[in-house]
Amino acid sequence: MPLKKLCLSLLTLAVMSGCNSDAVTTESSFANDSAAQAAAEGLSQGEYVARLGNCVACHSTPEGQPLAGGLKMAVPLLGNIYATNITPDTTNGIGNYSFDDFDRVMRTGVAPDGHRLYPAMPYPSYAKMSEQDMRALFDFLMTEVSASSTPNMPSEITGIKSQRWPLGIWNLLALDDDPYETDSSQSDLWNRGAYLIQGLGHCGACHTPRGLLLQEKGMHEGDSDFLSGAPLDFWSASSLNGDINSGLGRWEEDDIVEFLQSGHNRFGTAFGTMVEVVNNSTRHMSDDDLRGMATYLKSLPAVAERNVTP
């Protein structure tokens, strides 16, 4: 195929990717339906899912209204963007979204008007969400969150760098938008932990190194780079695999549960953006969810330190 036709074909696919896609449907299971865990914590399923996804950390500012956006974020090599208003306001928020609109933007990063989100919004992880949790989150944002008319801040990315059509090509090359599928060879707790860590918790967004396209180099336990540690915001997000010194090799499941519940354990104390994760998200999780995450993390093998002793 001539180069010109190939480029045109890629461009067409990029423009079309994520457009007019139907909402995902999934069967409810212990792993992917958060209703029971929400009930255990006395929360609506939607509010609990919002806690699992830590929506408030990025879509709120200390001086603003909850989920009204405005947090400044740096996009590597491009510039700064601002998190958007996700309250049900019909002018500046998502009040005019249908569920299908919401499902598509959460899974593919394509907004109702067709513009593409930068994957600073971790839609590659949220794509793992079940239909049940996605619908609950949508209902929470539409009916339990107070509308705010706070306007969205414009992106500081200008000129040729502001073109977003290349994100369609990025999706084609880097995005797997299939929801989480239960591994029948593993326990219910392991699967629940995998669903949370790969999906709603988007742990890999910080703890997995990035590739040439700034994509996460691994999205699940089958990739050795997954959760192997990465530089982040002038500090380092540590390895969460079984490496004995740099990872969680010396931690027991109870140590992981304690850390996620309280922000500290016998090995150390949370710092950096992990403090926000504990305060806004993990300390609100049910015992089963914390145990599931610990079960999954302890199943990850050592990678860089297979033959290392403490």
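Guide: Helices are DSSP runs of H or I with at least four residues, numbered from the N terminus. The model under discussion is a predicted one.

Visitor: What positive phi does G109 take?

Guide: Helix α5 covers residues 99–108. G109 comes just after this helix, and its positive phi is about 75°.

Visitor: How many of the residues of α5 are buried?

Guide: Buried means under 20% relative accessible area. In α5 this holds for F99, F102, D103, R104, V105, M106, R107 and T108. The helix is thus mostly covered, the count of buried residues among its 10 being eight.

Visitor: Against which helices do the buried residues of α5 pack?

Guide: Contact here requires heavy atoms within 4.5 Å. The partners of the buried α5 residues are α6 (123–126), α7 and α8 (166–174).

Visitor: Why is the pair of F99 and F138 edge-to-face?

Guide: By the ring-pair rule there are eight aromatic pairs in the model. For F99 and F138 the ring centres lie 5.7 Å apart and the planes stand at 70°. Planes over 60 degrees apart count as edge-to-face, so this pair, with its angle of 70°, is edge-to-face.

Visitor: How many residues apart in sequence are the parts that this pair ties together?

Guide: F99 belongs to helix α5, whereas F138 belongs to helix α7 (residues 131–143). The separation in sequence of the parts joined by F99 and F138 is 39 residues.

Visitor: Which residue lies over the face of F99?

Guide: A charge over a ring must be within 6 Å of the ring centre. At 4.0 Å from the centre of the F99 ring, the residue over its face is R135.

Visitor: How are α3 and α9 placed relative to each other?

Guide: Helix α3 (residues 45–53) packs with α9 at an angle of about 70°, the axes being 9 Å apart. Angles from 65 to 115 degrees count as roughly perpendicular, and α3 and α9 are therefore roughly perpendicular.

Visitor: Which residues of α9 make the contact?

Guide: Helix α9 spans residues 188–200. On the α3 side, the contact involves Y48, V49, L52 and G53; on the α9 side, R192, L196 and L200.

Visitor: What is the relative accessible area of N191?

Guide: N191 also lies in α9. Beyond its neighbours within four places in sequence, N191 contacts A31, Y180, T182, D183 and Q186, and a polar atom of its side chain lies 3.4 Å from the backbone oxygen of Q186. N191 is buried, with a relative accessible area of 1%.

Key: Residues numbered from 1 in each chain as written. Predicted model: local features only at pLDDT ≥ 70, side-chain atom pairs only at ≥ 80, totals over all residues. Heavy atoms only, no water. Helix = DSSP H or I, 4+ residues; strand = E, 2+ residues; numbered from the N terminus. Buried < 20%, exposed > 50% of the residue type's maximum accessible area, 1.4 Å probe, protein only. Polar contact = N/O pair within 3.5 Å; in protein donor to acceptor, adjacent residues only side chain to side chain. Phe/Tyr/Trp six-rings, centres within 6.5 Å; stacked < 30°, edge-to-face > 60°. Lys NZ or Arg CZ within 6 Å of the ring centre and 35° of its normal. Axes fitted to C-alpha atoms, helices over the stretch in contact; angles between N-to-C directions. Parallel < 35°, antiparallel > 145°, perpendicular 65-115°, else oblique.
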